[in-house]
Amino acid sequence: MAHEQTDELNTYLANLNVMSANVRNMHWNAVGPYFAALHCATEKVYKELQKQIDEVAELMKIHKMQPLTKMSDYLNATTLEELKDKEFNEHEIIDNIVADGSELMKQAREIRDNADDEDDFMIVNKFEEYLCCYAKMEWMVRAMHVDENPTDDDEDD
Ligand SMILES: [Fe+2]
């Protein structure tokens, strides 16, 4: 179990690093009429991910597991794709954050469930916090979606 737990936490740590780099890429390369809002929102997200990177690595040390530290190891261990350095509009930014966030949420749930089987309250507690955080992040990012062609569905007559 300990070995598998090290691997699943290191995959998660690698994914946090890749998602953080992806979000920072979009923070710098956001374009369009919503630039200011996107620039601000992406900064909030990558700062949260940076906080989680430190917490997960320290949680591993507390549990006598060795966290990965090298960028090259993160790229080997990640299950996410690195984004190219290009411009991103609001639709691409929302889609990319939701896609990476969903993958992390799926993994956080697995880590939480496995830790719960071992009655490891520290990991359960932390990962339940992350699950709440991703749910909130997804709501906020999706709420930024602007429908450029609103329909008149709401009108009865
Ligand atoms: Fe910045």
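Me: A helix is a DSSP run of H or I with at least four residues, and helices are numbered from the N terminus. Where does Asp 119 lie?

Reply: Asp 119 sits in the loop between helix 4 and helix 5. One caution before we go on: this is a predicted model. Now look at the backbone of Asp 119. Its phi is near 55 degrees, a positive value in a residue other than glycine.

Me: Is Asp 119 buried or exposed?

Reply: Count the C-beta atoms around it. With 12 or fewer others within 10 Å, a residue is exposed; with 20 or more, it is buried. Asp 119 has 7 other C-beta atoms within 10 Å, so it is exposed.

Me: Which residue has a positive phi just after helix 2?

Reply: That is Lys 64, with a phi of about 60 degrees. Lys 64 is not a glycine either. Its place is the loop between helix 2 and helix 3, where helix 3 covers 71-77. Lys 64 has 8 other C-beta atoms within 10 Å, so it counts as exposed.

Me: Let me step back. How many helices and strands does the chain have?

Reply: Five helices and zero strands. Along the sequence, the pattern reads α-α-α-α-α. The C-alpha trace spans about 60 × 40 × 20 Å along its principal axes. Of the 157 residues in the chain, 27% are buried.

Me: How do I check the reach of a helix, and what is the reach of helix 5?

Reply: Compare the distance from first C-alpha to last with the distance expected at 1.5 Å a residue. Helix 5 runs over residues 121-143 and has 23 residues. It reaches 33 Å, close to the 33 Å expected.

Me: Which residues of helix 5 are buried?

Reply: Start with the general idea. An α-helix has 3.6 residues a turn, so residues three or four places apart point the same way. Now the case here. Ile 123, Phe 127, Tyr 130, Met 137 and Val 141 are buried in helix 5. They pack against helix 2 (35-62) and helix 4 (90-117).

Me: What do the buried residues of helix 2 pack against?

Reply: Three partners: helix 1, helix 4 and helix 5. The buried set in helix 2 includes Leu 38, Val 45, Leu 49, Val 56 and Leu 59.

Me: At what angle do helix 2 and helix 5 pack?

Reply: About 170 degrees, with their axes 12 Å apart. An angle over 145 degrees counts as roughly antiparallel. Helix 2 and helix 5 are therefore roughly antiparallel to each other. On the helix 2 side, the meeting residues are Ala 41, Val 45, Glu 48, Gln 52, Glu 55 and Leu 59. On the helix 5 side, they include Met 122, Ile 123, Lys 126, Tyr 130 and Cys 133. The residues of this contact divide into nine nonpolar, one polar and three charged.

Me: How many residues are in the largest nonpolar core?

Reply: It has 32 residues. Met 19, Val 56, Ile 93 and Ile 111 have the most contacts inside it. Helix 1 (2-29), helix 2, helix 4 and helix 5 each supply at least two residues of this core. Helix 1 gives the most, with nine residues.

Me: What does Ile 111 touch?

Reply: Leave out residues up to four places away in sequence. Then Ile 111 touches Glu 8, Leu 9, Tyr 12, Ile 123 and Phe 127. Contacts across the sequence show up in the whole chain too. Among contacts between residues at least 6 apart in sequence, 76% join residues at least 24 apart.

Me: Where is Asn 89 found?

Reply: In the loop between helix 3 and helix 4. It has 15 C-beta neighbours inside 10 Å, so Asn 89 counts as partly exposed. Now compare sequence with space. Asn 89 and Gly 32 are 57 residues apart along the chain, and 6.0 Å separates their C-alpha atoms. Asn 89 touches Val 31 and Gly 32, not counting residues up to four places away in sequence.

Me: One last residue. Why does Glu 103 count as partly exposed?

Reply: Because it has 17 C-beta neighbours inside 10 Å. Glu 103 belongs to helix 4. Setting aside residues up to four places away in sequence, it touches Asn 15, Thr 79 and Leu 80.

How values were computed:
Residues numbered from 1 in each chain as written. Predicted model: local features only at pLDDT ≥ 70, side-chain atom pairs only at ≥ 80, totals over all residues. Expected span 1.5 Å × (residues − 1). Contact = placed C-beta atoms within 7 Å. Core = buried A, V, L, I, M, F, W, Y, C linked by C-beta atoms within 7 Å. Axes fitted to C-alpha atoms, helices over the stretch in contact; angles between N-to-C directions. Parallel < 35°, antiparallel > 145°, perpendicular 65-115°, else oblique. Nonpolar A, V, L, I, M, F, W, Y, C, P; charged D, E, K, R; others polar.
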